[in-house]
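Please look over the sequence and structure before reading the points.

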Amino acid sequence: MNENVLAKLKILAESAKYDVSCSSSGTVRSNKPGMLGNTVGGWGICHSFAEDGRCISLLKIMLTNYCIYDCAYCINRRSNDLPRATFSVSELVELTMEFYRRNYIEGLFLSSGVVRNPDYTMERLVRVAKDLRLVHRFNGYIHLKSIPGASRELVNEAGLYADRLSVNVEIPKEENLKLLAPEKDHKSVFAPMKYIQQGVLESKEERQKFRHAPRFAPAGQSTQVIVGATSESDKDILFLSSALYNRPTMKRVYYSGYVSVNTYDKRLPALKQPPLVRENRLYQADWLLRFYQFKVDEIVDDSYPDLDLEIDPKLSWALRHPEHFPVDINKADYEMLLRVPGIGVKSAKLIVASRRFSRLGFYELKKIGVVMKKAQYFITCKELPLQMQTVNELSPQRVRTLLLPKPKKKVDERQLILDFGE
């Protein structure tokens, strides 16, 4: 690797780090004769873990960090004075293959700033993926960021070579997007999303008729929402996520706590650090929507538009609705078991399967994997310890107090100074 390419790599890898929608999940490509590489399905951001425990690493890079847009929240905005670089298509292809041969990576996550116009940039991204697949016979994972405003033809071509495509929504409400990024609109974002969806569905239909028909973005699509840069409530964000998940090809919505990179721009909030706790609560709520059969208006509503930062969304719902508890573990249906704090999807399935053979008690639930520290206040079962009381016997506020994490003991800094001085 020559010094010029290495210098570009340092600049463009640094510029790419703020995009969190990087995952090598949802697709499997087994090794084929005459082709180089394979990918094993795993979950993660840039580093994924396969079922056999292997860590799957992705090269997360930008084609260029030059950009014609001046988005207030973006480190690569046009008006920022920072080191800029651009890979040629051949340089990026060779870099990816060299990293693969050295066993540094098993896939590529490729995004880009927009140069000239969306179609020009998208065409270069597609060329990278096309050369990797057809010229170098690369069979590993490829995730391409589709450029908002790109044409249907280029998005359709990208789907033939990429495992996953994604288009970032960034800001949930269009009026706030216009405030921070006047040159963008939601139409340019949702149009490529629609093209990807149509491509995936058409490919699925074709493969039902013709076994060897080409696959189109087999891992579906994803998107990213910035949290904390604008005034949207968690309710606004989750309603958008729910609407996106109702589309058949949307696999994941990522939430990125706003990082204050352009402190000079007065349109942005002055945050000392990213809202990481809020970001975590949104991921937990997202999990409830996708796997726990919750609806958005059960998690957040007009009375509670934002998620509780002190406790997780599932526990928050349970404390607001004590009338649903306690739940009899040996009689409740699967859907109700999922709503009990401390019981996950795997535990709920094991409970339903196990109680066919015997009644379950405290110790059986613990062996199954139920977090009894939480669940004890919301269930009844065989042989519960006598001292245990339910949420209705104690009151929701009391249970909340008991389950809140204990504050860490503050250290007297004067004492530390004295100790070091002795």
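R152, V155 and N156 of helix 4 are in contact with P192, Y195, I196 and Q198 of helix 6; contact means heavy atoms within 4.5 Å. By class, the residues where helix 4 touches helix 6 are 4 nonpolar, 2 polar and 1 charged. Nonpolar covers Ala, Val, Leu, Ile, Met, Phe, Trp, Tyr, Cys and Pro, charged covers Asp, Glu, Lys and Arg, and polar covers the others, Gly among them. This is a predicted model, in which local features need pLDDT of at least 70, side-chain atom pairs count only at pLDDT 80 or more, and totals for chains, interfaces and linings use all residues. Residues are numbered from 1 along each chain as its sequence is written, and side-chain values use heavy atoms, with hydrogens and water left out.

**Helix 4 and helix 6**
- The axes of helix 4 (residues 152–161) and helix 6 (residues 186–209) come within 9 Å and cross at roughly 45°.
- That angle makes helix 4 oblique to helix 6; angles under 35 degrees count as roughly parallel, over 145 as roughly antiparallel, 65 to 115 as roughly perpendicular and the rest as oblique.
- Helix 4 and helix 6 have a right-handed crossing, meaning that the near helix is turned clockwise from the far one by less than a right angle.
- Helices are DSSP runs of H or I with at least four residues, strands are runs of E with at least two, and both are numbered from the N terminus.
- Axes are lines fitted to C-alpha atoms, for helices over the stretch in contact, and angles run from 0 to 180 degrees between N-to-C directions.

**Helix 2 and helix 3**
- Helix 2 (residues 89–101) packs with helix 3 (residues 118–135) at an angle of about 40°, their axes being 9 Å apart.
- Helix 2 and helix 3 are therefore oblique to each other, and their crossing is right-handed.
- From helix 2, V89, L92, V93, T96 and M97 meet R124, R127, V128, D131 and L132 of helix 3.
- The residues of this contact divide into 6 nonpolar, 1 polar and 3 charged.

**N168**
- N168 sits in the loop between strand 6 (164–166) and helix 5 (174–180).

**Confidence**
- The protein averages a pLDDT (the predictor's confidence in each residue, from 0 to 100) of 87, and 87% of the residues score at least 70.
- Residues 24–28 stay under 50 in pLDDT.
- Where pLDDT is low, the predicted coordinates should not be read in detail.
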